[in-house]
Every structure is written in structure tokens, then in C-alpha cells.
Amino acid sequence: MDGARRVLVAADKFKGSLTAVEVAERVTAGLRRVVPDVLVEALPVADGGDGTVAAAVAAGFERREVRVAGPLGDEVTAAYALRGDTAVVEMAEASGLQRLPEGVLAPLTSSTYGSGELLRAALDAGARTIVFGVGGSATTDGGAGMLAALGARFLDADARPVGPGGGGLAALASADLSGLDPRLSDVELVLASDVDNPLTGPKGAPAVYGPQKGASPDDVTALDAALGHFAKVLEQTDGVGARAAEYAASPGAGAAGGIGFGAMLLGARFRPGIEVMLDVLGFAPALERAYLVITGEGSLDEQTLHGKAPAGVAAAARAAGKEVVAVCGRLALPAEVLGRAGIRRAYPLTDVEPDVAKCIADAGPILERVAESIARDFVA
């Protein structure tokens with residue numbers, strides 16, 4: 001079988017139904033039911049949010065596990081990925097919403113301390129380049145917890161450490177970053193995110209993402225003020241100064257409850273998450289080998305067009321002159337919009353099974369049937 005029949009499956013997870021690896025497995029099974037000898041290359045992808053470590057492991061990175069603090073301070077087992085001296089760290093592994101006890105939301109007190117511990121573990125493992133994927137967070141603390149885990153000190157007027165989470169920052173009187181892990185200055189830290197929000201304001205982390213984490217309107221107001229105060233105190237801090245205001249207003253500072261801001265204080269460079277991950281996962285050579293690319297995610301909608309994995313895959317594939325189709329649970333974009341994004345056609349599970357609940361429950365078998373249709377339309 002020559003490369004003219006090679007299909008590349010580069011899809012993200014179907015959140016709540018299938019991991020990105022499972023999506024690739026199901027699509028492959030469906031394709032081969034119609035064209036048994038088709039060559040399929042699977043490259044599960046992620047955009048920096050939850051699932052990023054799993055995508056790196058599927059691409060050949062080693063999974064490493066470490067015990068760290070969860071968002072409420074309880075110990076959890078979190079993973080990062082390592083290959084050579086490159087690490088992929090996913091903040092949601094330590095500080096994500098999935099780390100909260102069921103039914104518990106703590107928008108004012110959830111901390112990113114465990115994310116800092118994950119970064120420290122990557123440093124301990126010898127990483128010189130760290131891709132820091134941020135998204136899916138339970139937190140809105142501006143990265144203060146992460147910085148504290150790496151050696152920073154945040155004190156109240158009585159010289160005691162402030163409380164955890166964004167709420168605790170309202171009492172911040174002084175900051176000291178002189179104790180940050182010195183190894184950070186020798187590491188390339190890449191902030192991988194699919195959002196470009198600033199730290200505060202109407203488009204900032206508390207206003208846009210706080211409600212998803214359980215923040216009431218009063219909580220949003222309090223968190224926005226606390227993060228603004230955090231940035232102001234850092235403006236008066238040795239080694240930071242005016243850069244704090246610059247970072248706070250930068251695209252990506254508001255990512256994952258403001259952890260983007262904290263990462264910038266560590267010297268991180270912001271890049272769209274899917275671009276970073278495609279580089280790290282070796283997408284370009286896989287794309288060169290393929291004639292058809294199948295991408296997708298749980299819901300193809302307006303958010304997809306703003307830095308989500310399928311849009312990044314489609315843009316890269318279109319630039320290389322490759323045909324792209326997409327699979328999804330539900331489709332909320334018209335054909336012309338898909339076309340402008342570089343997607344020839346989308347195949348939603350709801351075309352096979354209109355009942356959304358059944359689509360979620362039986363996503364795997366239904367996706368195989370969808371893949372059979374793709375095989376008939378584009379491969380056979």
C-alpha cells in the first residue's frame with residue numbers, strides 16, 4: 001500500500017465520552033471495516049488543556065507520575081510527560097476541575113500550588129524545555145499558588161502567608177520572588193493555551209471563566225479586584241516592577257484562572273496551544289505522509305474556530321494541500337464556515353443517532369459507523 005492511501009487521524013477527545021486515543025482507535029476500526037488494507041496513522045492531539053499529557057504519551061513521551069497538592073490542598077497523583085529533555089506539563093492534572101470532589105466548587109480558595117509542584121518535578125527530571133499546557137482549571141489565583149510552590153513568598157500585613165486561592169490575594173501586602181527555583185532561568189518555558197484573555201477586566205479570567213468554576217457575581221467582582229491587587233503589588237516588587245502591568249494586559253495572562261500571568265513572571269513565552277502541541281507531537285512529518293486528514297472533537301462550534309485543536313489541524317493541513325474531514329459529537333457550524341476553516345466536510349454522530357444522550361453513551365460504536373461513511377466517501 002503506497003502513501004497515496006495513508007490516512008492521518010489527528011483528533012482531540014470527545015469530552016465526557018472518548019479520549020483522543022479512543023477516537024483514533026474507533027475511527028481506524030471503522031475505516032478498516034470498509035477498506036481493510038488502508039494505512040492509518042494515529043496522532044491524538046490536544047490544545048494544551050486536559051488531555052495534553054495523554055496526547056504526548058501517545059506520541060511516544062514517557063508518562064511520569066508524582067504526588068502533588070490538588071486544588072483544595074489534598075494530595076493527588078498527577079502525571080506529566082517526558083521525552084529527552086522536553087517535558088509536557090498539564091496544569092489540569094494537578095489543578096483542574098476534575099480534581100475537585102464531586103459537587104464541590106471553590107472559586108475563591110482553589111490553588112495552583114500543585115501545578116508548581118508538577119513544574120518542579122519536570123525540572124528534577126532534567127527538563128530543559130517545558131511545554132506548560134493550561135486549561136480546564138478549578139482555580140482563579142493568578143498563578144500565585146504555582147509561584148509559591150516554586151519558591152515565591154506572598155505575605156499579608158502581619159508577614160504571614162496569605163490564604164490559598166484568588167480570594168487570599170486580597171490580603172496581600174508584599175511579594176518576594178527572590179527564592180524562585182534558580183533552574184527556571186535556564187529552561188525554555190512555553191505557555192500553551194487556546195485563550196488570549198488578559199488577567200482582569202471585562203474579558204479577564206474572573207469575568208469570563210469564573211462562573212464556570214462556581215463564582216457568583218460577587219465572587220467575580222472580588223476575584224477581579226484581588227487579581228488586580230496582586231498585579232499592583234508585583235509592580236512594587238524587586239525583579240518585576242513595570243513588567244507586572246505589561247504581563248497582566250498580555251494575551252494569555254488570563255488563561256486557566258490567570259496562571260498564564262504567573263507563568264509569564266517565570267519567563268514563559270505564550271503560544272497558541274494547538275500550534276505548540278503539533279510541533280511537539282511531530283505533526284508535520286505525519287502530515288507529509290498522508291493524503292487525507294481526519295480531525296475532530298466533541299462539539300464543532302464557534303469555539304472550535306478560536307484556537308481549538310481541529311482548527312489548528314485543518315489550518316496546517318490546508319497549508320500543505322491536504323484534504324481534511326472532521327468527526328464530532330455535534331455540529332453547530334454551517335458548511336461554508338467549515339470550508340473557510342479548511343474542513344471539507346464534517347460527520348457528526350447525531351447524523352447516525354439523533355438522540356444526544358445515546359450519542360454520549362455509545363459514542364465509540366457510533367463513531368465507527370461514522371468512520372465507515374468517511375471510508376466510502378473519501379478512501380474506497
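How much accessible surface does the protein chain have, and what share of it belongs to carbon and sulfur atoms? The accessible surface comes to about 15,200 Å², and 51% of it belongs to carbon and sulfur atoms. Keep in mind as you explore that this is a predicted model.

**The whole chain**

- In the protein chain you can find 16 helices and 13 strands.
- The radius of gyration is 21 Å, close to the 21 Å that the globule rule gives for 380 residues, so the chain is as compact as a globular protein of that length.
- If you follow the C-alpha trace along its principal axes, it spans about 70 × 45 × 35 Å.
- Of the 380 residues in the protein chain, 55% are buried.
- Take the contacts with a separation of 6 or more: residues 24 or more positions apart account for 72% of them.
- The side chains include 34 positive and 48 negative ones, and the centres of these two sets lie 5 Å apart.

**Helix α10, an enclosed helix**

- Among the buried residues of α10 are Gly257, Gly258, Ile259, Phe261, Met264 and Leu265.
- Ala255 lies in this helix, and its relative accessibility of 0% makes it count as buried, because buried means under 20%.
- Leaving out residues up to four places away in sequence, Ala255 touches Val134, Ser193, Val195, Asn197 and Gly260.
- Ala255 and Ala192 are 63 residues apart in sequence, while their C-alpha atoms are 9.4 Å apart in space.
- Ala256 is also found in helix α10, and at 10% relative accessibility it counts as buried.
- The phi of Ala256 is near 50°, which is a positive value in a residue other than glycine.
- After α10 comes Gly267, which has a positive phi near 95°.

**Helix α13 and its surroundings**

- Helix α13 runs over residues 309-319, and its buried residues are Ala309, Pro310, Ala311, Gly312, Val313, Ala314 and Ala317.
- What do these buried residues pack against? Their partners are the helices α11 (273-281) and α12 (283-289), together with the strands β11 (292-300) and β12 (323-331).
- α13 is followed by Gly321, and the phi of Gly321 is positive, near 75°.
- Arg340 itself is found in helix α14, which covers residues 335-340.
- Is Arg340 buried or exposed? With 57% relative accessibility, Arg340 counts as exposed, because the cut-off for exposed is over 50%.

**The loop between β7 and α6**

- Asp156 lies in the loop between β7 (153-155) and α6 (165-168).
- With a relative accessible area of 14%, Asp156 is buried.
- Setting aside its neighbours within four places in sequence, Asp156 is in contact with Val162, Ala171 and Ala173.
- A polar atom of the Asp156 side chain lies 2.8 Å from the backbone nitrogen of Asp158.
- Ala159 is found in the loop between β7 and α6 too, but Ala159 is exposed, with a relative accessible area of 52%.
- Ala159 has a phi near 65°, a positive value in a residue other than glycine.

**The loop between β9 and α7**

- Which loop holds Thr200? Thr200 lies in the loop between β9 (188-193) and α7 (205-209).
- Thr200 counts as partly exposed, at 28% relative accessibility.
- Apart from its neighbours within four places in sequence, Thr200 is in contact with Asp224, Leu227 and Gly228.
- Thr200 and Thr139 are 61 residues apart in sequence, and 14 Å separates them in space, C-alpha to C-alpha.

Methods
Residues numbered from 1 in each chain as written. Predicted model: local features only at pLDDT ≥ 70, side-chain atom pairs only at ≥ 80, totals over all residues. Heavy atoms only, no water. Helix = DSSP H or I, 4+ residues; strand = E, 2+ residues; numbered from the N terminus. Rg over C-alpha atoms; globule rule 2.2 N^0.38 Å. Buried < 20%, exposed > 50% of the residue type's maximum accessible area, 1.4 Å probe, protein only. Contact = heavy atoms within 4.5 Å. Areas by Shrake-Rupley, 256 points an atom, 1.4 Å probe, with all protein chains shown as cover. Lys, Arg positive; Asp, Glu negative; His and termini not counted. Charge placed at Lys NZ, Arg CZ, Asp CG, Glu CD. Polar contact = N/O pair within 3.5 Å; in protein donor to acceptor, adjacent residues only side chain to side chain.
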